[in-house]
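Me: I'm new to this one. Could you pick a single part of it, look at it closely and walk me through what you find?

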Amino acid sequence: MLIDAGQFHGHICPGLAIGVVASDIALANARRSEDEELVAIVENDACGVDAIQYLTGCTFGKGNLVFRDYGKSVYIFLNRVTGKALRLSLNHSVIESNSQPSDRILLARVRDGTATREEVNAFHVRWKQRARDVINCAETLFQVKPVNITFPEKARIHDSIPCDTCKEQVMTTRIIRSETGDKLCIPCYKKTKE
Ligand SMILES: [Zn+2]
Ligand SMILES: [Zn+2]
């Protein structure tokens, strides 16, 4: 699962592994979502969300991936078939116990481009190792509990009409009425306010 998700994500990293474990827990009671049977609510937009999209089929494009910008390592999976929802909250202590002080320094040097070729290689090896450590801690990685939650509405398809300024088609739910009665897309409306 980690290697497959890594193909989609572009690299293998501990964050991706967190998403792999979350997906594995979600898929223990559900099938991969072909349509919208499963809904994922994610409270961050980091690496792990790519694993969730790839492995569970809860994707941005299908509308069964809901992003809440809370900056928390929390993942909620709702199963429309069973009506049940599971909330997964990361035990950060597990991640910390697998990390070394040198990891942070290495990451900083790779990020700001000052790492030598040897350091970049060492970083890739180390990050794959840390991803495997995350998988090995799967049992204790999350606090998992059932939650009662209102299911989000299924994705709907809306009609589109042309914007009065740029003439491009816009979903009716995103049209803004200007003070002069024009029907405008959001960028054109913003320009009238500049
Ligand atoms: Zn990553
Ligand atoms: Zn426009």
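**The sheet and what packs on it**

Reply: In the protein chain, residues 24 or more positions apart account for 60% of the contacts with a separation of 6 or more; two residues are in contact if their C-beta atoms, placed from the backbone, lie within 7 Å. A word on the ground rules: this is a predicted model, where local features need pLDDT of at least 70, side-chain atom pairs count only at pLDDT 80 or more, and totals for chains, interfaces and linings use all residues. Residues are numbered from 1 along each chain as its sequence is written, while chains are lettered from A and ligands numbered from 1 in the order in which they are written.

Let's zoom in on the sheet. It's an open one with 5 strands in the order S2-S1-S3-S4-S5, and the pairing is mixed. Strand S2 (65-67) and strand S5 (142-147) sit at the edges, each pairing on one side only. From one strand to the next, the twist averages 20°. Helices (H or I, at least four residues) and strands (E, at least two) are DSSP runs, numbered from the N terminus, and two strands pair if DSSP finds at least two bridges between them.

Strands of a sheet pair through backbone hydrogen bonds, either parallel or antiparallel. Here, S1 and S2 go the parallel way, over 3 bridges, with Ile41 standing opposite Val66 in S2. S3 and S4 are antiparallel over 6 bridges, and Asn79 is opposite Lys84 in S4. These two strands form a hairpin with 4 residues between them, and Gly83 in the turn has a positive phi of about 75°. S4 and S5 also run antiparallel, joined by 6 bridges; there, Leu90 stands opposite Phe142 in S5.

H3 packs on it, touching S1, S2 and S3, and its direction makes about 180° with that of S1. H2 packs on it too, touching S1, S3, S4 and S5, at about 155° to the direction of S4. For these angles, axes are lines fitted to C-alpha atoms, for helices over the stretch in contact, and angles run from 0 to 180 degrees between N-to-C directions.

Ser23 is part of helix H2. It's buried, with 25 other C-beta atoms within 10 Å; a residue counts as buried if 20 or more other C-beta atoms lie within 10 Å of its own, exposed if 12 or fewer, and partly exposed in between, with C-beta atoms placed from the backbone. Leaving out residues up to four places away in sequence, Ser23 touches Ala51, Ile52, Leu55 and Thr56.

Ile52 turns up again in the largest nonpolar core: of its 35 residues, Leu16, Ala40 and Ile52 touch the most other members. Such a core is a set of buried Ala, Val, Leu, Ile, Met, Phe, Trp, Tyr and Cys residues joined through C-beta atoms within 7 Å. The elements that each supply at least two residues of this core include strand S1 (38-42), strand S3 (74-79), strand S4 (84-90), helix H2 (14-27) and helix H3 (48-56). H2 gives the largest share, 7 residues. As for Ala40, its contacts include Ile52, Thr56, Leu65, Tyr75 and Phe77, again not counting residues up to four places away in sequence.
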